[in-house]
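Please keep the sequence and the structure in view while reading.

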Amino acid sequence: MTDGATDLTETETDTAIDTRVPVTVLTGFLGSGKTTLLNRILTEQHGLKIAVIENEFGEVGIDDALVLDAEEEIFEMNNGCICCTVRGDLIRILGALMRRRERFDRIVIETTGLADPAPVAQTFFMDDEIASQLRLDAIVTLVDAAHIRTHLDEVKPEGVENEAVEQIAFADRIVLNKTDLVDHQQLAEVIARIRSVNALADILPAQNAAVELPEILDVHAFDLDRVLEADPQFLTDTEHQHDTTVTSVGIDLEGELDEDQLNTWLGTLLREKGADIFRSKGILALEGAERQYVFQGVHMLLDGEMGRQWEAGEPRRNRLVFIGRNLDREELNAGFAACLTAIPAAVNA
Amino acid sequence: MSTVAALDVATAWETAVDDAPVAVHAVAGLVAVAGADGTCWVLDTTTGDIVATVTLPGGILAARLSPDGQHLALGGPFGHAVWSRTTNTTLISKTGAWSAAVRWGGTDKLAVASGRRALVLTPDGAQLWATDPAPSTVTDVAWLRENRRLATTAYNGVRCYERHSARPVTEYPYLGSHLALAIAPTGRWICSGNQDASIHIWRTRDGGDLTMHGYPDKIARLAFDDTGYWLASDGAPDITVWDFSGKGPEGTRPRTLRAHETITALAWRPGGAGVLASAGVEGTLALWRATGGRAGARLAPAHARDLDQPVTALAWAGPDLLVTADWEGRVQASRLPAALPR
């Protein structure tokens, strides 16, 4: 292939529609309503062909859907990164699904109530065969409004994760189910509590897991161009800090970034603190770049690329968020601010 | 780059099956073409005519004919099956367990990966013995020592079993998810392809091991030629071919074969003359003199053809007949001259 042809291919890819099959991950504790929601997804008249991978025996069994049972198999990767784990069962099953001639419009993975969402998400970063044909659309976490606080407050032995906290921290959408079982005051408290762990995810209050399916099925949460598309209000909202160790830290600073300094800072941060940083997302202004730099990460894994053009006169704003354990807001702010170039970016009004 | 005479390849026959093929195996005058949805077509090698169709409900992941062509073993997401040619009947075992590998040990016994165990069955499907559960689902199986010892791959290494012991008689440990297994016909080397984009190599005798890093992708396909001197694998757009003669590949550089974007199938021509067939997702079918040139050389195909659809599985039905099956279910047998020009 000539160089010219290669360029052409790249240009085409740039504007091409992503035809990869979207994958939705449903997490949540036993009794939070996962199976109810799954049945809703399968029975609603949407005309989509859906494959379901279940990690615990549920009562789903719909003629139009292929249901595959799987046992969670977490594999460490040999890359010297202790938090880099993938789900061997999913790699195996998704690989076999892709070899079928039958095309599915969507794949839904239902995890157990005790599952760690990180290996699930990392599977889509680490396996090229999967990444080339499937895209992780969103992690949707179901929460039982009446019981979630008990789960969140549960004290775990040293070194053992609180799965409820993790599942909320990793979520792109949180279905706050069974709101009929709590009063207004309790509901407000639960929402505040969820916000303190994950300031980025949309919270969808529901009864009987009745949510508008487009709200959870076409989220594009892992698409870089959708990262922080909506202005997240959390960046200035640091009011309700609870005594939880898992929090969100948002940074919003104007200016342009020194690329080398940023790489060093972000690289060191994720290498040293990656085990504690569950999710990270950002839109950044690199010095001299005409386009935004967008990134998204799960633990130590990071995926970044150039996003849309900065508009004329648009302030060069850097917005990023970290969700994780024992995050030091001051340190993150200071570390990031040190990556800004000394001279404030000129804004052509 | 040295010039090589192009191979003269003629089409022997063509047919079509109604599924996406995931495995092709040919032996004793038969070709098995297994479809992902669960039907396997058994064809006559000379004509391509259908001899039988065998079904495994829920899909097929692996298919192997017995060396005498009297039986066909199938593995799938929900269990396994054995077909008998004499009676044209199929014994289906709905174990609910994932069976991604089936391998005959001669004509009298069959190893089946079944969930976290491997089962050893008679050709009639009766269980002879079974291994203890491995730490994860078994991904591949292979026979050693005149088919007396069974090697399995799963998480954290290769484990070897014999009939007298459900526990491993030998273990070849290495952290990580092992996807494919290749054992040199000389019995000297055990190799596994890894999810972490490496090939792990053990000397069978003493377990001395080394790792070949540096691949961009996971290694899901690797195969020794009949001499046991050459190992071909995927894991990159270029196929790598390692030289296992003498003391093995440690400190050497592989030959690399460039024709594909992503490799979908590869198989050595039987007889050990260094000819390899391969296919890629871009639709190219290539034949290589894969052991030519010097160590570290990048080789060009001796024959390459662009097809309408990518070949998803291929197998040699003897040294002069290559059977390929593409994504749409087109099955083609290509005849090569018995003596290949050098």
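The expected span of a helix is 1.5 Å times one less than its number of residues. Helices (H or I, at least four residues) and strands (E, at least two) are themselves DSSP runs, numbered from the N terminus. Helix α8 (residues 184-197) of chain A has 14 residues and should therefore span 20 Å at 1.5 Å a residue; the C-alpha atoms at its ends are 20 Å apart, which agrees.

The structure is a predicted model, in which local features need pLDDT of at least 70 and side-chain atom pairs count only at pLDDT 80 or more, while totals for chains, interfaces and linings use all residues. Residues are numbered from 1 along each chain as its sequence is written, and chains are lettered from A and ligands numbered from 1 in the order in which they are written.

**Chain A as a whole**

The secondary structure of chain A comprises 11 helices and 14 strands. A residue is called buried if 20 or more other C-beta atoms lie within 10 Å of its own, exposed if 12 or fewer, and partly exposed in between, with C-beta atoms placed from the backbone. By this rule, 41% of the 349 residues of chain A count as buried. Two residues are in contact if their C-beta atoms, placed from the backbone, lie within 7 Å. Among the contacts in chain A between residues at least 6 apart in sequence, 76% join residues at least 24 apart.

**The sheet and its helices**

Two strands pair if DSSP finds at least two bridges between them. In chain A, seven strands form an open sheet with parallel pairing, in the order β3-β2-β6-β1-β7-β8-β9. Strands β3 (66-69) and β9 (202-205) of chain A stand at the edges with a single partner strand each, so one side of each has no neighbour in the sheet. On average, neighbouring strands of this sheet are turned by 20° against each other, direction ignored. Strand β8 (residues 173-177) of chain A runs parallel to β9(A) and is joined to it by four bridges. A:R173 stands opposite A:D202 in β9(A).

Axes are lines fitted to C-alpha atoms, for helices over the stretch in contact, and angles run from 0 to 180 degrees between N-to-C directions.

| Helix of chain A | Strands touched (chain A) | Angle between directions |
|---|---|---|
| α3 (residues 88-98) | β2 (50-54), β3, β6 (106-110), β7 (134-144) | about 160° with β2(A) |
| α4 | β1 (21-28), β6, β7 | about 165° with β7(A) |

Helix α8(A) has the buried residues A:V190, A:I194, A:R195, A:S196 and A:V197. The elements that cover these residues include β7, α6 (148-153), α7, β8, β9 and β10 (246-254) of chain A.

**Two domains in chain A**

Chain A is divided into domain 1 (14-230) and domain 2 (248-337), with bounds that come from an automatic or database domain assignment. The centres of the two domains, taken over C-alpha atoms, are separated by 25 Å. In chain A, 19 residues of domain 1 are in contact with 21 residues of domain 2. On the domain 1 side, the elements that give two or more residues are α4 (117-126) and α7 (163-170) of chain A. Helix α4(A) gives the most to that side, with four residues.

Ala, Val, Leu, Ile, Met, Phe, Trp, Tyr, Cys and Pro count as nonpolar, Asp, Glu, Lys and Arg as charged, and the others, Gly among them, as polar. The domain 1 side has 15 nonpolar, two polar and two charged residues.

How are two packed helices described? The description uses the angle between their axes and the distance between the axes. The axes of α4(A) and α7(A) come within 9 Å and cross at roughly 35°. Residues A:P117, A:A118 and A:A121 of α4(A) and A:E166, A:Q167 and A:F170 of α7(A) make the contact.

**Chain B**

In chain B, 20 residues are in contact with 16 residues of chain A. Strand β16 (residues 165-183) of chain B gives the most to the chain B side, with three residues. That side has eight nonpolar, seven polar and five charged residues.

Is B:A317 buried or exposed? B:A317 counts as buried because it has 22 C-beta neighbours inside 10 Å. B:A317 is found in the loop between β29 (311-316) and β30 (321-326) of chain B.
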